[in-house]
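Here are my notes on this model, point by point. Please read them with the structure open.

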Amino acid sequence: MIRQSLKFRKTIFVIFILFLLIIFFFINHKDSNNIADTQRVSQDIPRVGYQDFNSVPKREYYYVDNKKMGSNNVADDHIKQELQETRNQIEQLKKKIAFLEGRVPQKYPDVKYLGYKERKRILVTGGAGFVGSHLVDVLMMQGHEVIVVDNFFTGRKRNVEHWFGHRNFELIHHDIVNPLYVEADEIYHLASPASPPHYMQNPVKTIKTNTLGTINMLGLARRVGAKILIASTSEVYGDPMVHPQPETYWGHVNPIGPRACYDEGKRVAETLAYSYAKQEKVSVRVARIFNTYGPRMHVSDGRVVSNFIMQALQNLTITVYGNGRQTRSFCYVSDLVDGLLSLMASSYTLPVNIGNPVEHTIEEFAMIIKNLVPGCRSTVSTGAAVEDDPQRRRPDIAIAEAQLNWSPKVSLQDGLQRTIDYFKEELSRTTFYNNQTYMDVKVKSPQ
């Protein structure tokens, strides 16, 4: 049995060896056939040298964007044109991105936190205007809730856009000639065009704003029990016969002249305020605001300060209307805002002059601005006098000093330099960008 088993194993082993040999033979035979086929193919392909490609004929035209082009030069020109168009599109996108970034302020100025008992809800009409926006800044930084109402006739959103999105700020696009229904603890009624070109542009609208608008705000104050401050003007004195002008002076106004829509409109606003105070027991304050200047003025509002600064910065002729001997007194905007806040906080209810008593002739003022602008080559010339232009204007601020403990702090030189710097920035502006609103305050991240 053992011998038969060994014999069987030997037989299997021999068969296995033979099977491997047969497989090896078939593989070698197949490889030799492949080599022979490769040699035959290589013999069938002619040898082509690099120099033979020089004989390939050039194409007489090309297709670019499915358009038939005549030569390589034309194709290159087309590619260059496409590159230039791409560059132009990139530049347009950059401008759009800069515009969008400028519309979304990234930080808010520092805001004090007030508890609900100290925090007031304050309505500011005309709050997107020159004076109103500076008042809004102070009220916001004090920690109050501020509602700005403006129809943007002369106001601008960019004056308050640094507050957009803040929890204490609200902006309402509304014309106060129409009734307004909101809740407020205090109302600063500043809405009205204030520069002669603006209020003369639509005199009927100016009268409506100062009469119907004032009635609506006084009615709102009566309904909600709010204290209201009416922003009046030194124009109620007209071309004064008394100098300087105290609050007891009744004025010298032409009721049908070109400035009457503003002068008489403000006089009626004061009459309405004290009529509501007597009849409806509304708590009113009246501020008679004299000439004010500072950042955020319109560059083309036609006022003395903006006219002279713009002409000096552009080396244009500084034009003085009239003989130049008429006088004005100019108050910096931050001083005015302090005066308005002091008046609102006081218990004094009669009209109060808010202005700077330092008086200059218009000709002197033109030379001051010219000397403050570096390298200014402007000359000063005179033009035709403006109809009903007041010849002398200077506030008597004795009541403000005594009742409000207020007096202006910013000198004319310092205030004008800040205003000139602002106008320089306005002239150099080509697009919107972040931090574009003039604010000399610290900022912090949004809450």
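**Notes on the predicted model**

1. Asparagine 315 is partly exposed, because its relative accessible area is 28%. This residue sits in the loop between helix H7 (304–313) and strand E11 (318–321). Its phi is positive, about 55°, although asparagine 315 is not a glycine. Keep in mind that the model is predicted. Most residues other than glycine have a negative phi, and most peptide bonds are trans.

2. Lysine 281 is another residue to check for its backbone. Its phi is near 60°, a positive value in a residue other than glycine. Lysine 281 is placed in the loop between H6 and strand E9 (284–289). Is lysine 281 buried or exposed? Lysine 281 has a relative accessible area of 68%, so it counts as exposed.

3. Next, a peptide bond. The bond from histidine 243 to proline 244 is cis, with omega near -10°. Proline 244 belongs to the loop between E8 and H6.

4. Arginine 259 and glutamate 235 meet through their side chains, at 3.0 Å from N to O. Why does this pair tie together parts that are 24 residues apart in sequence? Arginine 259 lies in the loop between strand E8 (227–233) and H6, and glutamate 235 lies in the loop between E8 and H6, so the bridge links parts separated by 24 residues in sequence. Both arginine 259 and glutamate 235 are buried.

5. How many salt bridges does the structure hold? The count is 14. Side chains of opposite charge can pair when their charged atoms come close. One of the bridges joins arginine 303 to aspartate 301, with the closest N and O atoms 3.0 Å apart. Aspartate 301 counts as buried because its relative accessibility is 2%, under the 20% cut-off. Arginine 303 has 23% relative accessibility, so it counts as partly exposed.

6. Arginine 418 forms a salt bridge with aspartate 414, and here the closest N and O atoms are 2.9 Å apart. The two residues are four apart in helix H11 (residues 412–428), so about one helical turn separates arginine 418 from aspartate 414. Arginine 418 is partly exposed, with a relative accessible area of 29%. Aspartate 414, at 34% relative accessibility, also counts as partly exposed.

7. Now strand E4 (residues 121–125). Four of its five residues are buried, so the strand is mostly covered by the under-20% criterion. E4 runs parallel to strand E5 (residues 145–150), and five bridges join the two. Arginine 121 stands opposite glutamate 145 in E5. Charges link up here as well: Arg119, Arg121 and Glu145 form a network of salt bridges.

8. E4 has a further partner. Strand E7 (residues 186–189) pairs with E4 in the parallel sense, over four bridges. Which residue in E7 is the bridge partner of leucine 123? That partner is isoleucine 187. In a regular strand the side chains alternate between the two faces of the sheet.

9. Helix H8 (residues 333–345) has 13 residues. From its first C-alpha to its last, H8 reaches 19 Å, close to the 18 Å expected at 1.5 Å a residue. Its buried residues are Val333, Asp335, Leu336, Val337, Gly339, Leu340, Leu341, Leu343 and Met344.

10. Glutamate 264 lies in helix H6 (residues 260–280). With 22% relative accessibility, glutamate 264 counts as partly exposed. Its C-alpha is 9.4 Å from that of glycine 238, a residue 26 positions away along the chain.

11. Last, the surface. Phe13, Phe16, Ile17, Leu18, Phe19, Leu20, Leu21, Ile23 and Ile27 make a nonpolar surface patch of about 870 Å². Isoleucine 17 lies in helix H1 (residues 2–44). Its relative accessibility is 35%, so isoleucine 17 counts as partly exposed. Membership of a patch needs over 30% relative accessible area.

Note on methods. Residues numbered from 1 in each chain as written. Predicted model: local features only at pLDDT ≥ 70, side-chain atom pairs only at ≥ 80, totals over all residues. Heavy atoms only, no water. Patch = residues over 30% accessible without salt bridge, like charges linked within 9 Å, V, L, I, M, F, W, Y side chains within 5 Å. Areas by Shrake-Rupley, 256 points an atom, 1.4 Å probe, with all protein chains shown as cover. Salt bridge = Lys/Arg side-chain N within 4 Å of Asp/Glu carboxyl O. Buried < 20%, exposed > 50% of the residue type's maximum accessible area, 1.4 Å probe, protein only. Pairing = 2+ DSSP bridges. Expected span 1.5 Å × (residues − 1).
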